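Subject: The two-chain model, and what turned up in it

Hi there,

Here is the structure I promised to pass on. Have a look at it first, and then read on for my notes.

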Amino acid sequence: MIERNLPAIIPLIFLASALLIPILGLWKKRISFPLAIFATLFSASLSVYGFIYVIINGTVRYNFGGWIPPIGIEYVYDPLSSFVVLVINFVTLVVLTHSYIPVTIDLEVKQTAYYSVVMLLLLGFNGMIITGDLFNLYVFIEISSLAGYALIAVGEKKAPFAAFRYLIIGTIGASFYLLGIGYLYFMSGTLNMSELAAILPMIKESPTILVALILIVVALGVKMAIFPMHGWLPDSYTYAPTSTSSLIAPIGTKVGAYAMMRLLFFVFGAEYFSKELPVGDLIAIFACGGIIFGSVMAIAQKELKRMLAYSSIAQIGYIGLGIGLANPFGFIGAVLHLLNHSFMKATLFFIAGNLRNKTGNSDITLFDDSYRKKYPWTMASFTIAALSMIGLPPLAGFFSKWYLVLGTIENSKWLYLAVILISSLLNAIYFFRIIEKVYMKSPTQSKDSGTNNFEIKRDEVSASMLIPTMILAAGLIVIGLLNVVIVNQIYKMMPVGM
Amino acid sequence: MEILQTYNSIIPFYAIIVSIIAVPLIIISGKFPNLREFWTIFAALVKFGLVLSLLPGSIEGKAAIYSLLEIAPGIELALKADQFGVFFALIASGLWIFTTFYSIGYVRGNDERKQTRYFASFAVCLSATIGIAFSANLLTFIVFYEILTIATYPLVIHKENKEAISAGRKYLLYTLSAGVILIAAAGLTYTYAGTLNFNPGGIFKSIKLSQGSATVLFLLFLAGVGVKAGIMPLHSWLPAAMAAPTPVSALLHAVAVVKSGVFGVVRVVGFIFGPEMMYNYGLNNILLAFAGVTIIAASLLALKQDNLKRRLAYSTVGHLSYIVLGVALLSPSGFSGGIFHIATHATMKITLFFCAGAIYVNLHKENISELNGIGKVMPWTMAAFTIGSMGLAGIPPINGFISKWFLGAGALQADMSTALIILVLSGLLNAGYFFPIIHRAFFREGKNLEGYGEASPLMVVPIVIMAFLSLLFGLFPDLFFNFFSTAVNVSSSVMGGFLR
């Protein structure tokens, strides 16, 4: 029975815990962390089970309140949504474990509220992924965005301003989305995704549909932070507390990317948006712009979190490129990169968090080879994640690039191919810059530390921060070697007829 | 053409993994140098033994294959110890044994820091090199090729001074760029041919590929493997990388890394494009032009270097292109001469680098202008140096003569007198940049050399053995491991059935 209800259970777990945490928090503040972990662990295990079930038995559809669509709201647990739910919840589990210490230090008094809002954020994300209804998707976008603004705003001094900026841009994006689905509803009379997909081929000649498509792509582009709609991202990631940035950076933009894939591939259809209209090409061109822009800006940054934020813009470009290519290899590349990047970015933000935890900052100019002696495992994880970001085999990052390369060749898009290759080199520049410092720059410049050079003792972060970092770094090797297993499942996630 | 027989065997995998297994052991025993070095020596001997055990099969034309896992749909991370692979693996793993002993003498005599990192990276490099040798397809090749790039980086920047760091940056810029270009080339090949498996005679046989696409693809490949093979204008990382400790320059920048590039050229020409396609589309002429220019230009540049290691580096650039030239001739003798030069250049150039390192450790001299009279102080070392440089100049009976002879014969077979002229000219230039060193060492009076003698036996013995091997290979090319007949066999498997 549980599998028939899975699509509803996972969001409900987060809704229940979001309400439960503040109530129980009144009684005992410390209970909020175990509750949040428990809820995430529970839904992560359910999503493992759900993914296996869906792969074996096929799609599960759930009608809320027993109302049949188009009147009721339908939740759809198909291979793609169950995979993304699995990725999101697993990464969140690891992130929450890691964030125990940063949250207690940064947000001592606010932790009950913090974890409650985190649960709301996850409710929003999981809902966005599972729902099969366009308006319901809007609701969940709003839930996750509002929670996101709050989580960012509790950070450093500049954080509220960054969050406010995000709020303005995000709200405009959401309004575009609402407008877009409004048009679709007027034209088709339904908000259910699968029904709409069936109706659209009959009415696709209408310019209204085209306008709706553009509005929706722009709106989800904002959520996904695809260039040039990325403006909210760098400040938000930089000034948010460590725990928030390591939560939102790996999964937040990915959910936006997923929503875009869902609507473009499963509702509008690859044929329509990429062959009949040049929308796929437009997305790919903007994605390429983002890849180059993000990488170049990342090279210019002096602060690790900010560098990672710009790097995120570039990496989201890869997913955008895969979507824009709209061929099977592009689809595989996009989905695989969604997984890989969530692992890589989480690892890297963990490392920024670990350094902030120990030294109070993550300023790249201050890095030197004492870091390697003090935090050997953190830095080893950094090296693995960096090499994966550059795309060196046999690490995970190589394979998503490999499929994207095949996708660009299949469409004979030589410019995109060049962009992918050049961006690997740009990645190498900004990551080796750090690796070089950490492994070679002797700390003799500052005179007081130069003398006790040999007394540098190992000073690694505590296990609750280190182990999550290393688990994800090891995951990059495992995903790389076993990518075929994953890719074989991705074939099952493709829309029919691809 | 005879069909290559295969049999399943895990030995190629063991041969690769053995030095990776040694890495944690090396790191754990970092505080006990003797134990740490024991692991390296042990791994080197086991590795060589494993590779050697594959030799009898490969001579009979049977290749050991082992498939690890599927790494991309339809493409396996697969190993195949064919004759050419075993040939290259034998050279790399055999020379690693000597280099290890020499390294111990060098790093201890020179009091290098971070020795553990040095030996650990060295072991990873050797794993990657053997992986390259045994790669059954292009994607496996790329995996090991990139691992080699990264594992060599800590060795290039070993000294951690400004020069080393900028050399490291240059090295990464060149090799990583080459890596991404190679990935693009692999993607295109996969799209066109539907397979990436190396196949003697090429994989495009049944596929119509237009002249334009083939040329673009070939140029991409050339850029991808040409950086490590030091083909001009992609060579300039190599002289810069001489900032690395000398054993690294000796084994990696004269044998393992650069020969991996050349190995890649042979794989691309012989096992992906195939001689027919190379010839029909005139791709061999592109390769010939690059190789010819590189040979002459590198020799001229070598003439004006005063730093001994840099002179050797430019000489390496030139000699790597001998191999490329031999392959590009697309004639049986040229091909086998080129492949044989992989082995001969290895023994000769490693001798010379070992000598340069011994001089540096002993006298702290790097420049040729300071080498007056050292022949009297370090007679064994300089005698070995003489043998090595005579061989590189192509003087019989050193082994360099044999490869050059066959390269020359290949040029005639292919009716390319230009190639022959280039070879003769380059021989003269080789003599021109090596013999003044010998002249200085033996016939000029040195200053302040009292009290100096030979370097430690750990260094001198490998030097003498290497020089002796060069001589022995020159007299009896087939004495060890059938090196010469292997080169001929590889050549005939690739060239079989190809007529101009």
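A residue counts as buried if 20 or more other C-beta atoms lie within 10 Å of its own, and as exposed if 12 or fewer do. Please keep in mind throughout that this is a predicted model.

A:Ala225 is not a glycine, yet its phi is positive, at about 60 degrees. You will find A:Ala225 in the loop between helix H9 (207-224) and helix H10 (233-239) of chain A. Is A:Ala225 buried or exposed? A:Ala225 has 28 C-beta neighbours inside 10 Å, so it counts as buried. A:Ser412 is another residue other than glycine with a positive phi, near 55 degrees. A:Ser412 sits in the loop between H17 and H18 of chain A. With 9 other C-beta atoms within 10 Å, A:Ser412 is exposed.

While you are looking at loops, there are cis peptide bonds to see as well. In chain A, the bond that joins A:Pro393 and A:Pro394 is cis, with omega about 0 degrees. A:Pro394 belongs to the loop between helix H16 (376-390) and helix H17 (396-410) of chain A. In chain B, a cis bond runs from B:Pro396 to B:Pro397, and its omega is near 5 degrees. B:Pro397 is in the loop between helix H15 (379-393) and helix H16 (399-413) of chain B.

Chain A has 21 helices and two strands. Its radius of gyration is 22 Å, close to the 23 Å that the globule rule gives for 498 residues, so chain A is as compact as a globular protein of that length. Taken along the principal axes, the C-alpha atoms of chain A fill a box of roughly 75 × 60 × 40 Å. Of its 498 residues, 58% count as buried. If you take the contacts in chain A between residues at least 6 apart in sequence, 80% of them join residues at least 24 apart.

Chain B has 19 helices and three strands. For chain B the radius of gyration is 21 Å, close to the 23 Å from the globule rule for 500 residues, so this chain too is as compact as a globular protein of its length. The C-alpha trace of chain B spans about 70 × 55 × 40 Å along its principal axes. In chain B, 62% of the 500 residues are buried. Of the contacts in chain B with a separation of 6 or more, 81% are between residues 24 or more positions apart.

Inside chain A, one helix pair is worth a look. Helix H11 (residues 242-276) and helix H14 (residues 328-359) of chain A pack at an angle of about 165 degrees, with their axes 7 Å apart. That angle makes H11(A) roughly antiparallel to H14(A). The crossing of H11(A) past H14(A) is right-handed. The residues that H11(A) brings to this contact include A:Ala249, A:Ile251, A:Lys254 and A:Tyr258, while those from H14(A) include A:Leu338, A:Phe349, A:Phe350 and A:Arg356. By class, the contact has twelve nonpolar, five polar and three charged residues.

Finally, where do the two chains meet? Between them, 23 residues of chain B are in contact with 21 residues of chain A. On the side of chain B that touches chain A, strand S2 (62-72), helix H6 (138-156) and H7 each supply at least two residues. The largest share of that side, twelve residues, comes from H7(B). By class, the side of chain B that touches chain A divides into 17 nonpolar, three polar and three charged residues.

The partner of H7(B) to look for is H18(A). The axes of helix H18 (residues 414-440) of chain A and helix H7 (residues 162-193) of chain B come within 10 Å and cross at roughly 150 degrees. H18(A) and H7(B) are therefore roughly antiparallel to each other. H18(A) passes H7(B) in a right-handed crossing. Among the residues that meet here are A:Leu421, A:Leu425, A:Phe432 and A:Met440 from H18(A), and B:Ile165, B:Leu172, B:Val180 and B:Ala184 from H7(B). This contact between the helices has twelve nonpolar residues, two polar and one charged.

Note on methods: Residues numbered from 1 in each chain as written. Chains lettered and ligands numbered in written order. Predicted model: local features only at pLDDT ≥ 70, side-chain atom pairs only at ≥ 80, totals over all residues. Helix = DSSP H or I, 4+ residues; strand = E, 2+ residues; numbered from the N terminus. Rg over C-alpha atoms; globule rule 2.2 N^0.38 Å. Contact = placed C-beta atoms within 7 Å. Axes fitted to C-alpha atoms, helices over the stretch in contact; angles between N-to-C directions. Parallel < 35°, antiparallel > 145°, perpendicular 65-115°, else oblique. Left-handed = near helix turned anticlockwise from the far one by under 90°. Nonpolar A, V, L, I, M, F, W, Y, C, P; charged D, E, K, R; others polar.
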